[in-house]
Amino acid sequence: MQSLTELSEFLRSVERHAFKRTAYMVGDDDAALDIVQDAMIRLAEKYGQQPAQEWPMLFQRILSNATLDWFRRRKVRNSWMKNFSEFESQESDEATENLDGISKLISHHAQHDSFDSLHQSQTLKIIDEEIKKLTSRQREAFLLRYWDECDWAEIAEFMDCSQASAKTHCQRAIQALAKSLRSKGIE
């Protein structure tokens, strides 16, 4: 079947990029893999018979919605866990995250002995943290524009807003990043 072959080729062409983008958004490789696979299955089941030129936009929309659903489920799950657990505190969560970040930084440093790679690693970590602090709309517009290299029309369609609104979200993200990075000594 020609359509099935085309769909398989399309999914193969977008899988790596979709995984990287989702992993960056959710910060968990396993969850990102689940989200991307779920989005691919939804595209195949519901829109596999659509014309091939519509698949990229449909897939991006499905992937964005699947990612938002993951965040919503996680928020609900976390609120239930907080209600049932008196011993769990935000401080312990932050300490665990900090220890995880430190251990990743140490292992990365062990693999690359040069000062430059350590400096670059620290800088990228700071940038990553600042991107995570952006609002969800700003982060989405910024990543679509500069990570996925989408044009404004595509970004507006993905975000279900006007091009002017997409540009505004992206511009505010750039301004917020520039200000916060400058305050940390990164130009």
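Q: Is Gln138 buried or exposed?
A: Buried means under 20% relative accessible area, exposed over 50%, and partly exposed in between (1.4 Å probe, protein chains only). Gln138 is buried, because its relative accessible area is 14%. The model is predicted, so local features need pLDDT of at least 70 and side-chain atom pairs count only at pLDDT 80 or more, while totals for chains, interfaces and linings use all residues. Residues are numbered from 1 along each chain as its sequence is written, and side-chain values use heavy atoms, with hydrogens and water left out.

Q: Where is Gln138, and which residues is Gln138 in contact with?
A: Helices are DSSP runs (H or I, at least four residues), numbered from the N terminus. Gln138 belongs to helix α6 (residues 136-146). Contact means heavy atoms within 4.5 Å. Apart from neighbours within four places in sequence, Gln138 is in contact with His169, Arg172 and Ala173.

Q: How many salt bridges are there?
A: Side chains of opposite charge can pair when their charged atoms come close. Here a salt bridge is a side-chain nitrogen of Lys or Arg within 4 Å of a carboxyl oxygen of Asp or Glu. The count by this rule is seven.

Q: Which residue forms a salt bridge with Arg12?
A: Glu9 does, with the closest N and O atoms 2.5 Å apart. Both Arg12 and Glu9 lie in helix α1 (residues 2-26), three residues apart, about one turn of the helix. Glu9 is partly exposed, as its relative accessible area is 46%.

Q: What separates Asp69 and Arg72 along their helix?
A: About one helical turn, because Asp69 and Arg72 are three residues apart in helix α3 (residues 55-84). Their side chains meet in a salt bridge, 3.1 Å from N to O. Asp69 is partly exposed at 24% relative accessible area, and Arg72 is exposed at 52%.

Q: Which residue does Lys132 pair with in a salt bridge?
A: Asp128, with the closest N and O atoms 3.4 Å apart. Lys132 and Asp128 are both in helix α5 (residues 115-133), four residues apart, about one turn of the helix. Lys132 counts as partly exposed, since its relative accessibility is 43%.

Q: Which residues are linked in a network of salt bridges?
A: Glu130, Lys133 and Lys184 are linked in this way.

Note on methods. Helices (H or I, at least four residues) and strands (E, at least two) are DSSP runs, numbered from the N terminus.
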